[in-house]
Amino acid sequence: METRSEDVDAHTADEFAAFFRDKVASVRAACALTPLYDVPYRTTPTLEQFAPVTVEDVGRLIGSALCKTCQLDPMPTWLFKEMRPLLSPFLSLLFNKSLTSGLFPTDFKNAVICPRLKEWLDASQLKNCRPVSNLSFLSKLLQRVVQVRLLAFLDDGDMLPATQSAYRQFHSTDSAVLKVYNDLLLAADSGLVSALCLLDLTAAFDTVDHDLLLLRLERQFGFHGAVLQWFRSYLSDRSFRVVLGTSSSFLVHLLCFVPQGSVLGPRMFILYMTDLADLVAKHQVNFHSFADD
């Protein structure tokens with residue numbers, strides 16, 4: 001659902017920025033007394049260096065990209081697509097420099113947030129709007145380069161839970177519903193009684209602890225060297241502004257979260273929550289998780 005200006009014009013951009021910032025702070029404060037989690041080590045394949053990206057790879061990624069343009073883009077996406085034969089060589093050099101140095105470009109870390117009203121809710125309440133990050137085209141393009149390499153590594157090592165759906169090939173919304181429905185039918189055929197418990201995490205993407213996520217990437221998924229440094233750089237020093245019409249809010253610096261509206265954000269959240277499947281399995285409960293945006 002696209003947000004119309006009249007839906008949210010009862011509030012200023014600064015009010016939205018303060019609300020989104022304070023909401024995350026309140027959730028983290030509520031968990032402040034939780035004991036620190038000691039991430040266990042797992043024996044896994046290791047990934048220390050990304051494979052380089054070719055000019056042809058960049059050209060294909062530009063060609064397959066959706067024609068969506070962000071306020072941060074220096075030119076519209078359709079022009080990027082038309083000029084890809086000229087731009088691809090330069091972008092491949094930039095992206096390969098990022099991959100080998102382990103540094104995510106600082107200019108790619110800024111986001112513009114456009115509040116979106118949840119359907120059929122009261123627009124006068126700030127809590128009824130969700131923050132959707134708009135990132136620059138080049139930022140998402142570099143993330144797509146890394147995503148291809150990340151998913152290939154995780155799939156080759158069979159490191160993702162079988163019961164984790166969304167943002168994975170052959171793990172769609174449909175397959176998640178079919179799996180849960182089939183489990184209920186099998187239980188009924190066996191004469192068992194089933195209880196379905198649904199859990200929705202509040203501000204889930206916005207409250208991901210970066211230090212804990214990086215420990216998981218290193219200890220449980222085998223990320224080392226330039227790869228681990230790249231993700232550390234990707235997560236650090238991020239910021240956003242809320243934009244409403246022609247007005248823009250103050251700058252908010254982020255200490256936690258994985259970016260909503262980004263390419264890698266949902267995948268980072270899936271890796272962050274992997275241990276939940278192991279915890280539930282200890283109690284012999286059927287479990288299925290789904291990461292949305």
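**Cysteines and a helix pair**

A: Cysteine 197 counts as exposed, because its relative accessibility is 71%; please keep in mind that this is a predicted model.

Q: And is cysteine 256 buried or exposed?

A: Cysteine 256 is buried, since its relative accessible area is 5%, which falls under the 20% cut-off.

Q: How many disulfides are there by the distance rule?

A: The count comes to zero disulfides, given that a pair of cysteine sulfur atoms would have to lie within 2.5 Å. For cysteine 197, the nearest cysteine sulfur belongs to cysteine 31 and is 18 Å away, while for cysteine 256 the nearest cysteine sulfur, again that of cysteine 31, is 10 Å away.

Q: OK, switching to helices: at what angle do α8 and α9 pack?

A: Helix α8, covering residues 210–219, and helix α9, covering residues 225–235, pack at an angle of about 160°, and their axes are 11 Å apart. Angles over 145 degrees count as roughly antiparallel, so α8 and α9 are roughly antiparallel to each other.

Q: Is the crossing of α8 and α9 left-handed or right-handed?

A: The crossing of these two helices, α8 and α9, is right-handed.

Q: Which residues make that contact?

A: On the α8 side the contact is made by His210, Leu213, Leu214, Leu217 and Glu218, and on the α9 side by Leu228, Phe231, Arg232 and Leu235.

Q: What does the contact of α8 with α9 have by class?

A: The contact of α8 with α9 has six nonpolar residues, one polar residue and two charged residues.

Notes: Residues numbered from 1 in each chain as written. Predicted model: local features only at pLDDT ≥ 70, side-chain atom pairs only at ≥ 80, totals over all residues. Heavy atoms only, no water. Axes fitted to C-alpha atoms, helices over the stretch in contact; angles between N-to-C directions. Helix = DSSP H or I, 4+ residues; strand = E, 2+ residues; numbered from the N terminus. Parallel < 35°, antiparallel > 145°, perpendicular 65-115°, else oblique. Left-handed = near helix turned anticlockwise from the far one by under 90°. Contact = heavy atoms within 4.5 Å. Nonpolar A, V, L, I, M, F, W, Y, C, P; charged D, E, K, R; others polar. Buried < 20%, exposed > 50% of the residue type's maximum accessible area, 1.4 Å probe, protein only.
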